[in-house]
Structures are given as structure tokens and as C-alpha cells.
Amino acid sequence: MKKFKFQLETLLKVTQRKKDEAEMQFAEVTRRLEEHRAHLQVLLQELQSGQAEYAERTSEGKTITVDVIMIYTNFFNWKREQIEQQQQLILKTMQERQQKLKKLMDLITYVKSIEQLKEKRLREYNEELLAEEQKFLDEIGLQLSIRNA
């Protein structure tokens with residue numbers, strides 16, 4: 001009997017490669033998301049330290065000029081704008097991550113279905129092989145019993 005050959009083997013390999021690529025893309029987006037979150041924490045810390053510095057300067061009882069107030073106000077506004085931009089970037093990256101995850105899950109499901117089909121075909125092949133072998137053994141047994149009789 002001929003050797004087992006799964007006709008969809010090429011499709012399985014191509015789909016497996018696509019799944020591997022989707023896993024890498026998902027990992028890359030996840031890494032970028034973590035970088036964006038870390039950068040947001042840095043921006044929040046910078047804003048907080050600036051506010052603490054401003055509070056320290058104003059609580060000392062020193063005279064604060066309008067220029068100093070304007071510098072701090074501009075700094076706080078700039079930091080808040082950076083924080084807002086970073087939050088928007090995080091949201092966008094999270095959406096991209098969700099899309100990559102959905103694509104990855106679809107490919108995993110597809111690969112599993114092809115693998116299940118391959119296993120089913122292999123079982124059927126083995127059953128056919130066993131049936132053929134049994135038929136061959138039955139024929140030998142029949143020939144032996146005819147010779148002995």
C-alpha cells in the first residue's frame with residue numbers, strides 16, 4: 001500500500017507560517033504597548049515632580065514673579081498635553097493589539113481544524129491499512145486451510 005500523504009499539507013504549512021507571523025506581530029504590539037505605558041508613567045512622574053517643586057516654591061513664603069508662574073504654567077500645560085497624546089497613543093495601540101489578537105485567534109482555530117482533519121485522514125488511512133492487512137492474512141489462512149484439507 002502507498003505511503004500516507006496528506007493532500008492539504010502545503011496549506012497546513014502556509015497557515016502555520018501565517019500563525020507564527022501573527023504571533024510575532026502580536027508580541028511586537030504588546031511590547032510597544034508596554035513601552036507606551038512606561039513612557040506615560042515617566043510623564044506623570046515629571047508632572048508630579050514639577051507640581052511638588054512649584055508647591056515647595058510657593059510654600060516657602062518667597063516672592064514669586066509672574067515669569068516663574070508663567071514658566072510653571074507653560075510646563076504643566078505642556079506636560080498635560082504630552083500625557084493626553086500618550087494616552088491616545090496607548091488607546092490606539094490597544095486597539096491594534098486587539099485586532100492582532102483576533103487575527104491570531106482566527107489563525108489558531110484554522111490551523112487546529114486542518115490538524116484535526118489531518119489526524120482524521122491518518123486514522124482512516126491506518127484503518128484501511130489494517131483492513132487490507134487483515135484481508136491479506138485471511139487469504140493466507142484460507143489458502144493454508146485449503147492445502148491442509
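Which residues does Lys19 touch, not counting residues up to four places away in sequence? They are Leu104, Leu107, Ile108 and Val111. The model is a predicted one. Lys19 lies in helix H1, which runs over residues 9–59. Its relative accessible area is 13%, so Lys19 is buried, given a limit of under 20%.

Thr15 is also in helix H1. Its relative accessibility is 4%, so Thr15 counts as buried. Leaving out residues up to four places away in sequence, Thr15 touches Leu107, Tyr110, Val111 and Ile114.

Next comes the core. The largest nonpolar core holds eight residues: Leu33, Leu40, Leu43, Leu47, Tyr72, Phe76, Ile83 and Ile90. Setting aside neighbours within four places in sequence, Tyr72 is in contact with Gly50, Glu53, Tyr54 and Arg57.

Tyr54 leads on to the aromatic rings. The count of aromatic pairs comes to five. One of them is Tyr54 with Phe76: the ring centres are 5.9 Å apart and the planes stand at 90°, so the pair is edge-to-face. This pair links distant parts of the chain, with Tyr54 in helix H1 and Phe76 in helix H2, 22 residues apart. Are the two partners buried or partly exposed? Tyr54 counts as partly exposed, at 26% relative accessibility. Phe76 counts as buried, at 10%.

Phe75 and Trp78 form another aromatic pair, and this one is tilted. The centres are 6.3 Å apart, with 50° between the planes. Both residues lie in helix H2, three residues apart, which is about one turn of the helix. Phe75 is partly exposed at 27% relative accessibility. Trp78 is partly exposed too, at 45%. Ring pairs join Tyr54, Tyr72, Phe75, Phe76 and Trp78 into a cluster.

Glu46 lies in helix H1. Glu46 touches Phe75 and Lys79, not counting residues up to four places away in sequence. Glu46 and Phe75 are 29 residues apart in sequence, and their C-alpha atoms are 10 Å apart in space.

What joins Lys79 and Glu46? Their side chains meet in a salt bridge, at 2.1 Å from N to O. Lys79 is in helix H2 and Glu46 in helix H1, so the pair ties together parts 33 residues apart in sequence. Lys79 is buried, with a relative accessible area of 4%. Glu46 is partly exposed, at 31%. Side chains of opposite charge can pair when their charged atoms come close.

How many salt bridges does a search of the whole structure find? The search finds nine. Glu96 and Arg32 form one of them, with the closest N and O atoms 2.9 Å apart. This pair also links distant parts of the chain: Glu96 is in helix H2, Arg32 is in helix H1, and 64 residues separate them. Glu96 is partly exposed at 25% relative accessibility. Arg32 is partly exposed as well, with a relative accessible area of 25%.

Glu28 pairs with Arg31, the closest N and O atoms being 2.4 Å apart. The two are three residues apart in helix H1, so about one helical turn separates them. Glu28 is partly exposed, at 32% relative accessible area. Arg31 counts as partly exposed, at 38%. Shared partners join Glu28, Arg31, Arg32, Glu35 and Glu96 into one salt-bridge network.

Phe136, Leu137, Ile140 and Leu144 make a nonpolar surface patch of about 370 Å². Leu144 has its place in helix H2. Its relative accessibility is 45%, so Leu144 counts as partly exposed.

Technical notes: Residues numbered from 1 in each chain as written. Predicted model: local features only at pLDDT ≥ 70, side-chain atom pairs only at ≥ 80, totals over all residues. Heavy atoms only, no water. Helix = DSSP H or I, 4+ residues; strand = E, 2+ residues; numbered from the N terminus. Buried < 20%, exposed > 50% of the residue type's maximum accessible area, 1.4 Å probe, protein only. Contact = heavy atoms within 4.5 Å. Core = buried A, V, L, I, M, F, W, Y, C linked by side-chain atoms within 4.5 Å. Patch = residues over 30% accessible without salt bridge, like charges linked within 9 Å, V, L, I, M, F, W, Y side chains within 5 Å. Areas by Shrake-Rupley, 256 points an atom, 1.4 Å probe, with all protein chains shown as cover. Salt bridge = Lys/Arg side-chain N within 4 Å of Asp/Glu carboxyl O. Phe/Tyr/Trp six-rings, centres within 6.5 Å; stacked < 30°, edge-to-face > 60°.
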